[in-house]
Amino acid sequence: MESTASHHIVERWIGWTLRLGVWASAALMVLGLALAWFSTSTIHLPSENPRPTVVLHSLFSGSLDPVMVMFAGLLLLMLTPFLRVLTAAAGFAAERDRTFVVVALVVFAMLLAELVFSLQ
Amino acid sequence: MTAGSFLLLIGGGIVTGTVGAMLGLGGGVFLTPFLVLVFHLPMHQAIATSILAVIATSSAGAAMNVERQIVNLRLGMTLEVATVVGAIFGGLTANVLSGEVLSRIFSFLLLCVSFMMIWRTRHSRGISTPMGAGVFPASFNDEATGEVVSYSVVRVPWVMGVSLIAGNISGLLGVGGGIFKVPAMNMISGIPLKAATATSNFMIGVTAAASAFIYFAHGHLNPLVASPAALGVLMGSFVGVRINRRIKGTSLTWIFAVVLCLISLKMFWR
């Protein structure tokens, strides 16, 4: 008889992914807002939405532009459900539920297609 | 953007998030009108902001409900195939329509939501489909009664159809769509109300994310608006869920149904 723990791998992994995604993105947004609040210069919105690569580059270059930090938080929030679906696929695989690995991957593929199509 | 604007956005987010969570409506239904009518944001930006807020509250709530096994995960993921398709089409459509047209459609949606709020106080299915009668069997521990509730699901194609439409509405107007999915899951498929609500909320995050990047690509996501609003709604939803546990009664539902009708008129005539 399988232990109940093995049946709930998916649930635990999904819970962790969602929590991490929400809190990390919230932290980035709070950080961005705080930087904007205490900034002495005026905040400029870019004329176009920066691509995710631009946002990441800006973050890792250490410039801490408030708008970029906020964008990073928002992008992470938008990606959290994507990660959740991927985690579900992995969790279903761990539970040896092949049907739902496929279902989860179908959903992920649609999300990914929409993402890639939008960012072109 | 002034300090006052930031505070207004956070405050507005908290209020709409609280009210939304209390009524089981999520932030979008109240946040979008707030952003348009009070903050004078263009409709597309308001929808994009709402979508982000909806992702936040859905994900936060789902984390808890999934771990408590109230969410019917396999049903939810199956229905997500439909909602994602619907949401992508909704998002693409919204970015072709004008702000005025979207406002009008939104005001019509508010009337429907208002109606559904009243309807569901009188119509819910207490007896769920027994295990073995359908697919996606599940059981959960109902904290209120201390009992273990077991059920299964019938008429999945019907619920997938409703999910497709709900996803479309979500992508088009930045709302969660739960007000349509939950009664469908409960009345058509015989899913207990708590499980239906939890499963619907779980799906909403993915549904919203499906159209989020479309709005982002069209430049409608303003981080200076979306960040404080999303944070506010997130905070408000935590408060609203706690209040929800204490307040019972349909008088609140009636009050807000009327409020939604008034907002609907405002959105139509703005």
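Guide: Before we start, two residues count as in contact here if their C-beta atoms, placed from the backbone, lie within 7 Å. And keep in mind that this is a predicted model.

Visitor: How many residues does the contact take from chain B, and how many from chain A?

Guide: On the chain B side, H3, H4, H8 and H9 each supply at least two residues. By class, that side of chain B divides into 31 nonpolar, seven polar and three charged residues. As for the totals, the contact takes 41 residues from chain B and 43 residues from chain A.

Visitor: Is H3(B) oblique or perpendicular to H5(B)?

Guide: These two helices of chain B pack with their axes 8 Å apart, at an angle of about 55 degrees. Roughly perpendicular would need 65 to 115 degrees, and roughly parallel would need an angle under 35. That makes H3(B), relative to H5(B), oblique.

Visitor: Which residues in H5(B) do Met43(B), His44(B) and Ile47(B) meet?

Guide: The contact of H3(B) with H5(B) has three nonpolar, three polar and no charged residues. Those from H3(B) are the ones you named, and across from them in H5(B) sit Gly99(B), Leu102(B) and Ser103(B).

Visitor: Which residue in the turn between S1(B) and S2(B) has a positive phi?

Guide: S1(B) and S2(B) run antiparallel, joined by five bridges, and Val135(B) stands opposite Val153(B). The two strands form a hairpin with six residues between them. In that turn, the residue with a positive phi, about 80 degrees, is Gly146(B).

Visitor: Which element of chain A has the lowest mean pLDDT?

Guide: Chain A averages a pLDDT of 87, and 94% of its residues score at least 70. Among its elements, H5 of chain A has the highest mean, 95. The lowest, 54, belongs to residues 4-7 of chain A, helix H1.

Notes. Residues numbered from 1 in each chain as written. Chains lettered and ligands numbered in written order. Predicted model: local features only at pLDDT ≥ 70, side-chain atom pairs only at ≥ 80, totals over all residues. Axes fitted to C-alpha atoms, helices over the stretch in contact; angles between N-to-C directions. Helix = DSSP H or I, 4+ residues; strand = E, 2+ residues; numbered from the N terminus. Parallel < 35°, antiparallel > 145°, perpendicular 65-115°, else oblique. Nonpolar A, V, L, I, M, F, W, Y, C, P; charged D, E, K, R; others polar. pLDDT = per-residue confidence, 0-100. Pairing = 2+ DSSP bridges.
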